[in-house]
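Colleague: I would like to go through this model with you. Tell me what backs each label.

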Amino acid sequence: MNALFLRLDGISDLLAKISMAMVVMLVSSILYEVVSRYVFGAPTLWSFDISYMLNGALFLLASGYSLKVEAHVRIDFLSARLALRYQQLINLFFYFFMIGPSFFFLSYVAGEKAISAWVTGEVESVSPWSPLVWPFYGAIAIGLMVFTLQVYIDGIRYLQGDKTPGESVTKDEMSHD
């Protein structure tokens, strides 16, 4: 089962790498806009749309990786005082019965929205550029789906006692399980 989890973790790793590339694209598009606007006096129509789409997409695409390596904010001032096994069971409960189902529903809604936008050819209605929005909605849906998958993988790791709440785990450490 750990081999399967490591393969599924690989999806989170891949999306994190894609997100890193998207950061470069985001910075490049903003720099292009600044130079175009202030040096040449010719602002772009697309810069704002690209900025919010890339930022929103990279944030969600990297969310599964963030959960995997415990890079998210954790408020555990009460549970940290409990024995490790109780901490793991509390995390298991929240992951399986609260966070997982909530994000499964959000993933479903986002997937439906992405498919609808693709089928209808929906464009950004308040933008003078009017880009197609299905790639953005699709990235949101994929990010949410992978995050949800990572929630359940980590929940099973808590159940098995393989994961400690708040402990950052690197890819190399996980492959030695």
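Modeller: Start with Ser-130, which is partly exposed at 33% relative accessibility. Keep in mind that this model is predicted.

Colleague: Why is Ser-130 called partly exposed?

Modeller: Buried means under 20%, and exposed means over 50%. Ser-130 has 33%, so Ser-130 counts as partly exposed. Ser-130 sits in the loop between α4 and α5. Its phi is positive, about 55 degrees, although Ser-130 is not a glycine.

Colleague: Which other residue has a positive phi although it is not a glycine?

Modeller: Glu-70, with a phi of about 60 degrees. Glu-70 lies in the loop between α3 and α4.

Colleague: Is Glu-70 buried or exposed, and how do you know?

Modeller: Glu-70 has 11% relative accessibility. The cut-off for buried is under 20%. Therefore Glu-70 counts as buried.

Colleague: What about Leu-82: where is it?

Modeller: Leu-82 is in the loop between α3 and α4. Its relative accessible area is 38%, so Leu-82 is partly exposed.

Colleague: Which element gives the most to the nonpolar patch?

Modeller: Helix α4 does, with seven residues.

Colleague: How far apart are Leu-92 and Pro-135?

Modeller: They are 43 residues apart in sequence. In space they are 33 Å apart, C-alpha to C-alpha.

Colleague: Now Lys-163. How do you know that Lys-163 is buried?

Modeller: Its relative accessible area is 3%. Buried means under 20%, so Lys-163 is buried. Lys-163 is in the loop between α5 and α6, and α6 covers 171–175.

Colleague: How far is Lys-163 from Lys-68?

Modeller: In sequence, 95 residues separate Lys-163 and Lys-68. In space, C-alpha to C-alpha, the distance is 9.9 Å.

Colleague: Let us turn to the largest pocket. How much space lies in it?

Modeller: About 580 Å³. Its lining has 24 residues. Closest to the centre are His-72, Val-73, Arg-74, Tyr-95 and Ile-99.

Colleague: Which elements give two or more residues to that lining?

Modeller: They are α2 (47–61), α3 (63–68), α4 (84–120) and α5 (134–160). Helix α4 gives the most, with seven residues.

Colleague: How do the lining residues divide by type?

Modeller: There are 16 nonpolar, six polar and two charged residues.

Colleague: Now the whole chain. How many helices and strands are there?

Modeller: Six helices and zero strands. The pattern along the sequence is α-α-α-α-α-α.

Colleague: What does the C-alpha trace span along its principal axes?

Modeller: About 60 × 35 × 35 Å.

Colleague: And how many of the 177 residues count as buried?

Modeller: The share is 37%. Glu-70 is buried, and Lys-163 is buried.

Definitions and conventions. Residues are numbered from 1 along each chain as its sequence is written. This is a predicted model: local features need pLDDT of at least 70, side-chain atom pairs count only at pLDDT 80 or more; totals for chains, interfaces and linings use all residues. Side-chain values use heavy atoms; hydrogens and water are left out. On a 1 Å grid over the protein atoms alone, a cavity is a set of points where a 1.4 Å probe fits but cannot get out, and a pocket is an open set with protein on both sides within 12 Å along at least five of seven lines; lining residues have an atom within 4 Å of a point. Grid points are joined across faces, edges and corners, and a volume is the space filled by probe spheres set on the points. Helices (H or I, at least four residues) and strands (E, at least two) are DSSP runs, numbered from the N terminus. Ala, Val, Leu, Ile, Met, Phe, Trp, Tyr, Cys and Pro count as nonpolar, Asp, Glu, Lys and Arg as charged, and the others, Gly among them, as polar. Buried means under 20% relative accessible area, exposed over 50%, partly exposed in between (1.4 Å probe, protein chains only).
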